[in-house]
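Please look over the sequence and the model shown here before reading on.

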Amino acid sequence: MIFAAIFAGGVGNRMGAQTPKQYMDLHGRPVIVHTVEKFVCADRLERILVLCPGGWIDYTAELLEKHLGRSDKITVVEGGETRNDTLLRALAWIGENYGIDGESVIVTHDAVRPLVTRRIIDDNIRCALEYGACDTAVGATDTIVQSDDGRTITAIPDRAAMFQGQTPQSFNIKKLKETVESLTPEEAATLTDACKIYAIKGLPVHIVRGEAYNIKITYPTDIKIAEALLES
């Protein structure tokens with residue numbers, strides 16, 4: 001089977017708002033509705049998990065039904081304290097309800113990237129089925145500066161070899177589960193996203209071409225940018 005897991009566990013501290021950013025209004029509808037709609041429209045996806053804070057489960061389910069209608073494809077469940085915990089909960093839910101086999105894939109995505117395209121989703125599914133692991137990324141357009149202490153420049157890597165990671169990130173579920181379970185506690189503590197699990201273990205992750213407008217809603221200005229992109 002082909003699953004999607006939409007990570008909607010953020011609390012939006014950097015937005016300076018009490019409402020988590022995935023529930024903020026964007027062009028007349030909550031951000032999360034725009035995002036989930038893109039996955040509902042992807043024909044090859046068979047189940048869509050939306051993982052959100054425990055206190056927001058009923059609200060999220062009602063919100064999605066209100067804007068998108070009732071769908072047997074969508075299930076809202078509680079996410080974890082961290083991104084890695086949320087991924088583990090998604091894998092556990094799949095295991096409990098469908099079992100883990102060697103053919104199924106999972107497409108993981110940030111709920112606050114509402115401008116993802118169907119082309120990106122389809123490419124992730126194809127790449128995960130073919131190679132087992134992929135990450136959406138765009139080539140860096142600015143010079144990347146490395147600083148080990150945050151005050152002075154340590155190195156300036158070759159921009160041609162630099163990419164900016166986005167989501168979705170997609171994987172063969174069985175291989176992902178085995179790789180996660182092989183991590184030491186020290187390795188697990190360094191995780192920032194699922195692809196780093198593979199990087200730690202020296203496993204290949206293929207690149208799916210992203211789009212510059214596949215932005216992540218992080219700051220108040222991002223809402224304004226997303227509004228302008230939707231209007232255009």
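In the second largest pocket, strand β8 supplies the largest share of the lining, three residues; helices (H or I, at least four residues) and strands (E, at least two) are DSSP runs, numbered from the N terminus. The model is a predicted one, in which local features need pLDDT of at least 70 and side-chain atom pairs count only at pLDDT 80 or more, whereas totals for chains, interfaces and linings use all residues. Residues are numbered from 1 along each chain as its sequence is written, and side-chain values use heavy atoms, with hydrogens and water left out.

The lining of this second largest pocket consists of 14 residues, and those nearest its centre are Arg113, Val138, Gln164, Gln166 and Ala212. Two or more lining residues come from each of β7 (133-139) and β8 (163-172). By class, the lining holds four nonpolar, seven polar and three charged residues, where Ala, Val, Leu, Ile, Met, Phe, Trp, Tyr, Cys and Pro count as nonpolar, Asp, Glu, Lys and Arg as charged, and the others, Gly among them, as polar. The volume of the second largest pocket is about 270 Å³, a volume being the space filled by probe spheres set on the grid points, which are joined across faces, edges and corners. A pocket, on a 1 Å grid over the protein atoms alone, is an open set of points where a 1.4 Å probe fits, with protein on both sides within 12 Å along at least five of seven lines, and lining residues have an atom within 4 Å of a point.

Strand β8 also contains Pro168, which is joined to Thr167 by a cis peptide bond with omega of about 15 degrees.

Which residues touch the most other members of the largest nonpolar core? They are Ile32, Phe39, Leu45 and Val50, in a core of 29 residues; such a core is a set of buried Ala, Val, Leu, Ile, Met, Phe, Trp, Tyr and Cys residues joined through side-chain atoms within 4.5 Å, with buried meaning under 20% relative accessible area, exposed over 50%, and partly exposed in between (1.4 Å probe, protein chains only). At least two residues of this core are supplied by each of β1 (2-7), α1 (31-40), β4 (47-52), α2 (57-68), β5 (74-78), β6 (105-110) and α4 (118-131), and α4 gives the most, with five residues. Val50 is in contact (heavy atoms within 4.5 Å) with Ile6, Ala8, Ile32, Val36, Thr60, Leu64, Ile74, Thr75, Val76 and Val77, once its neighbours within four places in sequence are left aside. Apart from this core there is another, of 23 residues, which includes Phe7, Val77, Ala90 and Ala133.

Leu63 lies in helix α2 and counts as buried at 9% relative accessibility; not counting residues up to four places away in sequence, Leu63 touches Tyr23, Pro30, Ile32 and Val33. His34, in helix α1, is buried with a relative accessible area of 7%, and, leaving aside its neighbours within four places in sequence, is in contact with Leu26, His27, Arg29, Pro114 and Leu230.

His27 itself is placed in the loop between β2 (25-26) and β3 (29-30), and is partly exposed, with a relative accessible area of 40%. The phi angle of His27 is near 55 degrees, a positive value in a residue other than glycine.

The cysteines remain to be described. A disulfide is a covalent bond between the sulfur atoms of two cysteines, identified here as a pair of cysteine sulfur atoms within 2.5 Å, and a search of the whole structure finds zero disulfides.
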